[in-house]
Amino acid sequence: MIKSDKNLFIAAFVLGLGLLGAIDGIVFHQLLQWHHMIVSPNIKLEIITDGLFTAAFTTLLIWGGVKIFKDARKNELGGSWRVFFGGIFIGGGVFNLVEGIIDHHILQVHRVKPMAENPLLWDLAFLASGVLLIIIGYAIMRMYKSTRNYS
């Protein structure tokens, strides 16, 4: 992968991490209200940890945007939509896997849907969605690599 494509992939990967963090926070924490970052009888602690989570994924989104801007100004940014979307999907999938493994399984600070009849099933589905996003991103990247080989 040439440097400009690598820069685009890294920026898209970081944006994918932030985007899936935003989707998680907005959908699961706020709209559906299935869980908070930390499940606690202290609602203030739950809201504060959700706020820290929001700050973290917002930082990732800003970082990815700034990286795109800086690389573009130096004329070191690739222009492939496949690299861009592949990176976003892979970054989003990595977010789901890392957040799911660490928070749901290792630290057990919350479950995806703790009040469900089988909360483990929801946790495993969350991990599976991460794997699926990575596979989709990888497939998009493979399509890019195959078109570069023929040009």
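Start by selecting Phe53 and Phe57: they sit four residues apart in helix α2, so about one helical turn separates them. (Helices here are DSSP runs of H or I, at least four residues, numbered from the N terminus.) An α-helix has 3.6 residues a turn, so residues three or four places apart point the same way.

A quick word on what's on your screen: this is a predicted model, where local features need pLDDT of at least 70, side-chain atom pairs count only at pLDDT 80 or more, and totals for chains, interfaces and linings use all residues. Residues are numbered from 1 along each chain as its sequence is written, and side-chain values use heavy atoms, with hydrogens and water left out.

**Stop 1: the rings**

Keep Phe53 and Phe57 selected. Both of them are buried, meaning under 20% relative accessible area with a 1.4 Å probe, protein chains only. Phe53 and Phe95 make a tilted aromatic pair, 6.2 Å centre to centre with 40° between the planes. (Rings of Phe, Tyr and Trp, using the six-membered ring of Trp, pair if their centres lie within 6.5 Å; planes under 30 degrees apart are stacked, over 60 edge-to-face, and the rest tilted.) Phe53 is in helix α2 and Phe95 in helix α3 (residues 81-106), so this pair ties together parts 42 residues apart in sequence. Like Phe53, Phe95 is buried.

The structure holds nine aromatic pairs. In the pair of Phe53 and Phe57, the ring centres are 5.5 Å apart and the planes at 75°, so that one is edge-to-face. For another spot, select Phe28, Trp34, Trp122 and Phe126, which ring pairs link into a cluster.

**Stop 2: two helices side by side**

Next, colour α1 (residues 3-31) and α2 (residues 43-73). They pack at an angle of about 155°, with axes 8 Å apart. (Axes are lines fitted to C-alpha atoms over the stretch in contact, and angles run from 0 to 180 degrees between N-to-C directions.) The two are therefore roughly antiparallel, the word for angles over 145 degrees.

**Stop 3: the loops**

Which way does phi go at Gln33, positive or negative? It is positive, near 55°, in a residue other than glycine. You'll find Gln33 in the loop between α1 and α2, and it is exposed at 61% relative accessible area, where exposed means over 50%.

Finish at Asn75, in the loop between α2 and α3. Asn75 also isn't a glycine, yet its phi is positive, about 60°. At 70% relative accessibility, Asn75 counts as exposed.

Notes: Parallel < 35°, antiparallel > 145°, perpendicular 65-115°, else oblique.
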